[in-house]
Every structure is written in structure tokens, then in C-alpha cells.
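Opening the notebook on this one. I want to jot down what I looked up, one topic at a time.

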Amino acid sequence: MDKGQIGRYLKEKGLMPSVQRIEVYFYLLGNKMHPTADIIFREISEIIPSLSKTTVYNTLKLFVEKGLVSELRTDKSEARYDADVTKHGHFKCRGCLNIYDFEISMNELNNKSLDGFIIEGYQLNVSGLCKECMEIE
Ligand SMILES: [Zn+2]
Ligand SMILES: [Zn+2]
């Protein structure tokens, strides 16, 4: 998606396509490492020097509410953001602290213990060491 398309997409979702919102979404689409609000702020304030941290926080909150972005909390302290709202799992490496996406299907989930329940969403977080960090250790 280019910035023009993002503008139209935001409008479709009922949001005013302000420059800040377009930049935040554009950044998230291009950065799959699940940045924190602080990282997003730092990166985008280079493009928009007048940007405030509050605007970034509010924008992210709005995107999450509208279902454009998902918020993940792999730690209690920091929220990370993901423009990929399809169902997928997250692997957090304890070495480099990167978060990697992995695919998972509902069928793979053993939901026998939830017989008769309907699963409407899930967050699957696993942790360990990624390939690169394993080579360093
Ligand atoms: Zn790693
Ligand atoms: Zn993800």
C-alpha cells in the first residue's frame, strides 16, 4: 500500500486520513518487527518534527479500536504494534528481543478441553532463541 492508498483505506474505516495517521500506518506496514509506540514515535518524528508522543499513542489506540492494528503484550511493561491483523502466533527471542511471526491454523489448536465453546480470537506467544542468536551462544 502506498500513502495514497492508506489515506483511502483510513477513510473507508471511518477515520480522517491525517498525515500523522498515514505515516504511523505506513511505518507499521513496512516494519514487521512489531515496534513499540516509542520506536514509532522516534522514527516518524524524523519525518514530522512537530509530532507529539501523545498523537502517536492516540493514533495507535484508535487503530486498535478500529481493528486496523493489533496490540501485543508479550511483556507486562511494553505494548508492541502489528499491522498484520490476520491470526498468527508470535515468537519472542530472549537474545535479540525480536518478535517473529509464525502461521498457525485454528485446526492445529487442540481445543478438546474447550468442547462446546466457541473460540473467537487468540494470542499465541511463545519464546526462546532465534536461529541467529543460537549461533552466537
Ligand atoms: Zn534472536
Ligand atoms: Zn505479528
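My rule for a cavity is a set of points on a 1 Å grid over the protein atoms alone where a 1.4 Å probe fits but cannot get out, while a pocket is an open set with protein on both sides within 12 Å along at least five of seven lines; lining residues have an atom within 4 Å of a point. Points are joined across faces, edges and corners, and the volume is the space filled by probe spheres set on them. I counted 1 cavity of 30 Å³ or more. Its lining is Leu28, Asn31, Lys32, Met33, His34, Tyr81, Asp82, Ala83 and Asp84. That splits into 4 nonpolar, 2 polar and 3 charged residues (Ala, Val, Leu, Ile, Met, Phe, Trp, Tyr, Cys and Pro are nonpolar, Asp, Glu, Lys and Arg charged, the others, Gly among them, polar).

**Ground rules.** This is a predicted model, so I note that local features need pLDDT of at least 70 and side-chain atom pairs pLDDT 80 or more, while totals for chains, interfaces and linings use all residues. Residues are numbered from 1 along each chain as its sequence is written, chains are lettered from A and ligands numbered from 1 in the order written, and side-chain values use heavy atoms, without hydrogens and water.

Two names from the cavity lining, His34 and Asp82, come back here. Asp82 and His90 are both buried (under 20% relative accessible area; exposed is over 50%, partly exposed in between; 1.4 Å probe, protein chains only).

**Pocket.** The largest pocket has a volume of about 220 Å³. It is lined by 13 residues, with Ser70, Val85, Thr86, Tyr122 and Gln123 nearest its centre. By class I get 4 nonpolar, 6 polar and 3 charged.

**Cysteines.** I found 0 disulfides, taking one to be a pair of cysteine sulfur atoms within 2.5 Å. Cys130 is buried at a relative accessible area of 8%, and Cys133 is buried at 9%.
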